[in-house]
Amino acid sequence: MEGLHHGELRVLRGPRLARRRLQGREDRQGHPVRGGAAAARGGALSRAGAGGRAVSARLPEFTWDALEKVGALAAGHPDGVINLSIGTPVDPVPEVIQAALAAGADAPGYPLTAGTPRLRRAITDWVARTCRTPDREFGVLPTIGSKELVAWLPTLLGLGPGDVVAVPRICYPTYEDGARLAGAETVRADSLTALGPDNRVRLIWVNSPSNPTGQVLPATHLRKVVDWARERGAVVASDECYLPLGWTAEPVSALAPEVTGGSYAGVLAVHSLSKRSNLAGYRAGFVAGDPALVAELLKVRKHAGMIVPAPVQAAMVAALDDERHAAAQRERYARRREVLREAFAGAGFEIEQSDGGLYLWVTSGEDCWATVEWLARRGILAAPGAFYGPAGERHVRVALTESDEKIAAVPSRLA
Ligand SMILES: Cc1ncc(COP(=O)(O)O)c(C=O)c1O
């Protein structure tokens with residue numbers, strides 16, 4: 001474990017693994033937790049395996065099921081639904097990537113968990129230029145999309161009961177799900193002051209540009225988080241899947257020198273090709289950063305069979321080597337964003353943050369479900385902010401991911 005600082009060793013050893021116990025329906029403070037409902041519905045399955053509880057009992061109900069009723073209302077619109085509730089790409093996979101996937105189709109042998117040398121070079125080159133790293137001394141590792149890494153990172157780092165994962169107050173729910181899978185606790189905080197002196201924090205998630213708010217964090221903030229984490233031996237995981245989509249602010253990677261101070265210790269940047277290259281269907285992501293942490297992830301993932309399929313590895317090379325399709329896709333989103341921004345502002349909504357990423361974070365000052373229903377009556381489906389944390393309950397998230405034709409119809413529906 002050479003090269004790891006003291007705190008990382010503590011994380012990697014997973015000292016609490018041996019005495020890990022599965023959490024019940026209440027957290028350590030006795031508060032009801034999100035997993036409560038799922039635990040209750042577990043029935044026979046809630047006692048799975050050798051006397052343990054079903055793992056799903058630790059997780060909340062799948063949030064999106066709650067949208068079904070209002071989705072039916074939106075679908076009843078005579079001109080059809082305009083679905084702005086999910087950030088799933090709708091434009092074609094660029095030809096250059098499809099061709100590389102097809103060319104890689106004859107792949108009878110097992111692929112490398114670490115990625116082919118060609119893919120590792122493509123990731124390294126892309127990170128060096130996009131994240132503005134001063135060197136190439138960081139580690140890289142392909143992942144099966146980024147969601148699986150987000151969900152398993154606390155487990156892969158050896159976190160467990162007694163450990164704390166810090167996540168933004170309003171954020172992508174999988175950060176908390178990952179903590180739950182590991183049996184760790186979650187604390188929601190946007191500032192180091194809010195985090196307080198809790199030295200049980202082992203992992204801190206930041207996400208800039210943010211899903212759902214579009215907030216872009218300045219380098220000074222990221223630097224403070226990294227310094228704070230290093231002092232306590234915690235790891236900073238920076239989810240940068242929207243990094244190429246800055247609009248009114250320039251997103252900065254946690255691997256940039258003004259954040260790292262020239263050392264990658266304790267920092268991981270999580271990236272995805274889902275949005276940049278319309279590859280959500282391929283499941284193509286990667287992690288880059290602290291070489292010792294990345295090497296540890298590789299060791300565990302080799303055992304666990306977490307391998308990106310060979311044809312997808314070939315497709316990733318084509319995607320990473322080509323910036324033209326990414327620029328064209330970015331332009332599409334910029335145009336759609338302008339149409340939606342004007343339409344929502346014209347209809348009296350406040351648009352907050354939304355400086356980058358794939359979403360507008362809007363409010364009409366009322367409960368999010370009232371806004372979601374108001375929109376659904378006009379055939380527009382948006383995501384309630386409450387999905388992303390209690391602090392989001394007066395906002396809705398509006399995705400830029402519908403076809404040009406559907407986006408063009410939004411202004412008249414809101415008029
Ligand atoms: C903030 C954030 N992180 C990670 C992901 C996962 O993306 P993927 O698994 O497609 O790489 C998403 C998907 O929407 C996201 O919004």
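Visitor: Leaving aside its neighbours within four places in sequence, what is Val287 in contact with?

Guide: Val287 is in contact with Leu141, Thr143, Leu149, Leu268, Ala269, Val270, Val294 and Leu297. Two residues count as in contact if their C-beta atoms, placed from the backbone, lie within 7 Å. This is a predicted model, in which local features need pLDDT of at least 70 and side-chain atom pairs count only at pLDDT 80 or more, whereas totals for chains, interfaces and linings use all residues. Residues are numbered from 1 along each chain as its sequence is written.

Visitor: What makes a set of residues a nonpolar core?

Guide: The set must consist of buried Ala, Val, Leu, Ile, Met, Phe, Trp, Tyr and Cys residues joined through C-beta atoms within 7 Å. A residue is buried if 20 or more other C-beta atoms lie within 10 Å of its own, exposed if 12 or fewer, and partly exposed in between, with C-beta atoms placed from the backbone. The largest such core here has 109 residues, and Val287 is one of those with the most contacts inside it, as are Ile204, Val236, Ala315, Met316 and Val398. Helix α12 (residues 310-321) gives the largest share, nine residues.

Visitor: Why is this core said to lie between domain 1 and domain 2?

Guide: Domain 1 (63-92 + 325-414) and domain 2 (105-321) both contribute residues to the core, so it lies between them. The domain bounds come from an automatic or database domain assignment.

Visitor: What makes β12 and β15 a pair of strands?

Guide: Two strands pair if DSSP finds at least two bridges between them. Strands (E, at least two residues) and helices (H or I, at least four) are DSSP runs, numbered from the N terminus. Four bridges join β12 (residues 359-363) to β15, and these strands run antiparallel; therefore they meet the definition of a pair. Within β15, Val398 stands opposite Leu360, and Ala399 is the bridge partner of Tyr359.
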